[in-house]
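Trainee: Please show me how the features of this model should be read.
Mentor: Let us take them one at a time, with the structure in view.

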Amino acid sequence: MTRLLSAQAVIQAVSRRTNLLIAGKRVALLTDTPALASRLRAMGAHPGTALAEADLVIGDGVDPDSLKPGAIVAGTLAPGAAPGARVRDGVTRHRNAHGHEIFAVDLAC
Amino acid sequence: MLSDIADPGLWRDGEDRIAWARRHMPVLDALSGSLDLDGRRVGLVLVLEPKTAVLALTLKDAGAEVVVHCPGRETSDDVAAALVHAGVPVLARSGTTRAQDDDLARRLLDHGLDALVDDGSRVIRLAHAEDRLGPLSGAAEETTSGLRPLRVMAASGDLRIPVMAVNDARSKTLFDNVYGTGQSCVLAALDLSGLDLDGRTCVVAGYGHVGQGVARHAAALGARVVVSEVDPVAALRAHHDGLRVLPLAEACPEADLLFSATGVAATVAAEHQRVLKPGAYVAVAGGVPGEIENPGAGRPVRPGVTEHDGWYLLADGDCVNCAAAEGNPIEIMDLSLSLQALAVEHLLSTPLPPAVHLLPAGLDDRVARLKAQALGLRLEPVSDLQREFLGRGL
């Protein structure tokens, strides 16, 4: 899904779904998306953060067990991830194998 | 006090949204254990959405009797319902007229408040105009445009209570106005308009903190940004930030997206509207009523968009991030609302003369320090030699 959207559309969707700030976010990008990285950086985010340290992970097929507590995935979780509970429109809460809460943002909505 | 809300049955949705906001507000959470407002009556007049609901609940947990009011155009009915469900009286319904909003504000004031938190100073000024201050010890004001008339009242001797200028705290204005309003207004305008900003021209009227934030975020998304300013210092700043500076009438024909970020009525006047190119979008960031001068009703195109002689007005010229989205981002409001909580406690514990007062620097630093801790940022300590140097005032 993240490959199909423009950089601006991904940023708009994350902001609209979560009402969270982009500036200051430690962001892991799972695909080589320089246009998205440059826009995030110009908005004050920190793209290029390691997956385990990221507040926000953008990509598809993300392994929930590799994320820190409270991390937000904009895209999709790996197949087999435990189903989530609705938190708000377009956001679901999941528990990974370590018992930590993580959140998934549906960019398709 | 009986609440006046649209639908109490909406509380579950509101509660979910409040829980999400609370999760991302570590500063207010850290302060909650130390606030002492036992038995004090506090009125909150803020955009009624999940973040401000977290402030209301935090003040209630600190012992205050909290009453919430908000104009209808900025009220989320599900959040209002969730607050009432949690035992906080609310006087706010979406869709109310300005006259109805004023009636609800009068009911708030007649409750006999000890402190008032206001956004735009509408209710502070109403209380003065109608002699409804009652036992009010003071107020805290959230916005630049709200402080401006209060400073005029203070200069003329008409301000009868102390007002904390929460807006002017560094932890507020350097973050809320720049990053929060900048991000949320630009992205809300793009959601409404459907514009792809890459390669487009974004004109920003006003280069204060809000205008700087709008310009920064528009440029980040690939726009060419042009700034219009009446203040030579702000114009110089825009120039040195690498932005073109033009009078608004000259910039308008280039604009694909025009923001008014001045907080001054009639910023985008008829003469500017006449020279907008067909298809241009116009939005207000921050804002006061009337920043877009008399645009008329317009032709509805889709929700939040009306057409006016070939150009499009977003969110009826109301502040676009509050009218058409969820307002400022959660983490930003964690800073601003934490300052509000400390301002209320300060007002109720410290006798102050009627005037507009800056928040004590120690409270500002406390909020910033808590936020830095929550982010895991480590600060450089001040050495004894540095402290001695600074102490000499050199």
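**Reading sheets and an interface**

Mentor: In chain A, strand S1 (residues 26-29) and strand S3 (residues 56-62) run parallel and are joined by three bridges. Two strands pair if DSSP finds at least two bridges between them. Helices (H or I, at least four residues) and strands (E, at least two) are DSSP runs, numbered from the N terminus. This is a predicted model, in which local features need pLDDT of at least 70 and side-chain atom pairs count only at pLDDT 80 or more, while totals for chains, interfaces and linings use all residues. Residues are numbered from 1 along each chain as its sequence is written, chains are lettered from A and ligands numbered from 1 in the order in which they are written, and side-chain values use heavy atoms, with hydrogens and water left out.

Trainee: Which residue of S3(A) stands opposite Ala28(A)?

Mentor: That residue is Val57(A).

Trainee: What is the strand order of the open sheet in chain A?

Mentor: The order is S2-S1-S3-S4-S7-S6-S5, seven strands with mixed pairing. Strand S2 (46-47) and S5 of chain A stand at the edges with a single partner strand each, so one side of each has no neighbour in the sheet. H2(A) packs on this sheet and touches S1, S2 and S3 of chain A, contact meaning heavy atoms within 4.5 Å. The direction of H2(A) makes about 175° with that of S1(A); axes are lines fitted to C-alpha atoms, for helices over the stretch in contact, and angles run from 0 to 180 degrees between N-to-C directions.

Trainee: What is the pairing in the open sheet of chain B?

Mentor: The pairing is parallel, and the seven strands follow the order S3-S2-S1-S4-S5-S6-S15. The edge strands, strand S3 (90-91) and strand S15 (355-358) of chain B, each pair on one side only. Strand S5 (residues 138-141) and strand S6 (residues 162-165) of chain B are joined by three bridges, and Ala139(B) stands opposite Val163(B) in S6(B). Helix H15 (residues 330-349) of chain B packs on the sheet, its direction making about 160° with that of S5(B).

Trainee: How is the size of an interface often given?

Mentor: It is often given as the accessible area lost when the parts come together. Here chain A and chain B bury about 2400 Å² between them, 52% of it on carbon and sulfur atoms; buried area is the accessible area (1.4 Å probe) that two parts lose on being put together, summed over both. In chain A, Gln8(A), Asn19(A) and Leu21(A) lose the most area to chain B, together 27% of what that side buries. In terms of contact, 25 residues of chain A meet 30 residues of chain B.

Trainee: How many salt bridges does the rule find across the interface of chain A and chain B?

Mentor: The rule, a side-chain nitrogen of Lys or Arg within 4 Å of a carboxyl oxygen of Asp or Glu, finds six. Glu101(A) forms a salt bridge with Arg23(B), with the closest N and O atoms 2.7 Å apart.
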